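Let's take a friendly walk through a protein model, starting with the whole and then picking out some of its parts. Keep the picture open while you read.

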Amino acid sequence: MGDSFHLSTADLAALAFFLLAWVLHTLASDGRLVSRVSLTMAMNVQREAWMRTMAEREIRIVDTAIMSGLQQGTAFFASSSLIALGGCFALLGASDQVLAVLNDLPLNATSSRSAFQIKVFGLVLILAFAFFKFGWAYRLFNYCTILIGAVPIPHGEASRNPVSETAVWRAARMNMLAGKHFNSGLRAVFFSIGYLGWFVDPIVFVLSTLLLLAVLVRRQFFSAARQAVIGQPPGPGKSWSIRPDSQ
């Protein structure tokens, strides 16, 4: 099977490990694999809190400004994914030059033109997946803006009636879904960095995947950013300063 696809058994094993790491990290971040609260899950709670706070405001300029920032960030990554896709196709056109560079490395670099092109097509698939995720997230953020506009203006007890609660739930749910697809696209971009190790050697591919996974796991489950979202203030009279080594 490996010969038919111009990939060695080591290449296929490294690719399987890469895909497994990606799937497991996705499940863990979404709270379907471990009980520890991830940064993504903690931020979903804050998204709901934001929508509930928004429902109490008569003037929602700040909410539309936040949504505009989210949309602009999503559009930036979508455009970057398209540019990277173009770079991949340019890489296919320069296969011989790239192979000459890789073969000069003191490792078992990609020696077959067919294997190299298969790996580039794999990178194209990852970046295309990221683009579609960012594109869908952008559209969902647009929908969320409309749902925010549909939340009734608060007037005393009327702000807590079933109609308002339903409108808030819809806006919060749409915001969470948009954030989920944005995170999926961003995760694909991150894993595309680890994927680059495959162009050098299957062992380098596994090591780059492990290094990337360690960084992502730390940021999701053990980072200062996560602690900032779920933590509590230090108390009266204590400093709120951030240590230089915090990330």
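How many of the 247 residues of the protein, in percent, count as buried? The share is 36%. Keep in mind that this is a predicted model.

## The overall picture

Going along the sequence, that gives the pattern α-α-α-α-α-α-α-α.

In soluble globular proteins, nonpolar side chains tend to be buried together. Here, the largest nonpolar core has 30 residues, and Phe18, Phe191 and Tyr195 have the most contacts inside it. The helices that each give two or more residues to this core are α1 (9-29), α3 (61-93), α5 (113-150), α6 and α7 (202-221). The top contributor is α5, with 10 residues.

Leaving out residues up to four places away in sequence, Phe191 touches Phe18, Ala21, Trp22, His25, Leu212, Leu213 and Leu216.

## Helix α3 from end to end

Helix α3 has 33 residues, so at 1.5 Å a residue it should span 48 Å. The sum uses one less than the number of residues. The end C-alpha atoms of α3 are 49 Å apart, which agrees.

Which residues of α3 are buried? They are Asp63, Met67, Gln71, Thr74, Ala78, Ser81, Leu85, Cys88 and Leu92. Let's look at Asp63, which has its place in helix α3. Asp63 counts as buried because its relative accessible area is 0%, and the cut-off is under 20%. Not counting residues up to four places away in sequence, Asp63 touches Trp50, Met54 and Arg57.

## Where α2 meets α6

Two packed helices are described by the angle between their axes and the distance between the axes. For helix α2 (residues 39-55) and α6, the angle is about 145 degrees and the axes are 9 Å apart. The crossing of α2 past α6 is right-handed. On the α2 side, the contact is made by Thr40, Asn44, Arg47, Glu48, Trp50, Met51, Arg52 and Ala55. The α6 side brings Glu165, Val168, Ala171, Ala172, Asn175, Met176, Gly179 and Asn183.

Is Val168 buried or exposed? Val168 is buried, because its relative accessible area is 5%. Its contacts, not counting residues up to four places away in sequence, are Met51, Arg52, Ala55 and Val151. Val168 and Ala150 are 18 residues apart in sequence, and their C-alpha atoms are 8.9 Å apart in space.

## A word on cysteines

How many disulfides are there? The count comes to 0. As for where some of the cysteines sit, Cys88 is buried, with a relative accessible area of 4%. Cys144 is buried too, and its relative accessible area is 0%.

How values were computed. Residues are numbered from 1 along each chain as its sequence is written. This is a predicted model: local features need pLDDT of at least 70, side-chain atom pairs count only at pLDDT 80 or more; totals for chains, interfaces and linings use all residues. Side-chain values use heavy atoms; hydrogens and water are left out. Buried means under 20% relative accessible area, exposed over 50%, partly exposed in between (1.4 Å probe, protein chains only). Contact means heavy atoms within 4.5 Å. A disulfide is a pair of cysteine sulfur atoms within 2.5 Å. A nonpolar core is a set of buried Ala, Val, Leu, Ile, Met, Phe, Trp, Tyr and Cys residues joined through side-chain atoms within 4.5 Å. Helices (H or I, at least four residues) and strands (E, at least two) are DSSP runs, numbered from the N terminus. Axes are lines fitted to C-alpha atoms, for helices over the stretch in contact, and angles run from 0 to 180 degrees between N-to-C directions. A crossing is left-handed if the near helix is turned anticlockwise from the far one by less than a right angle, and right-handed if clockwise.
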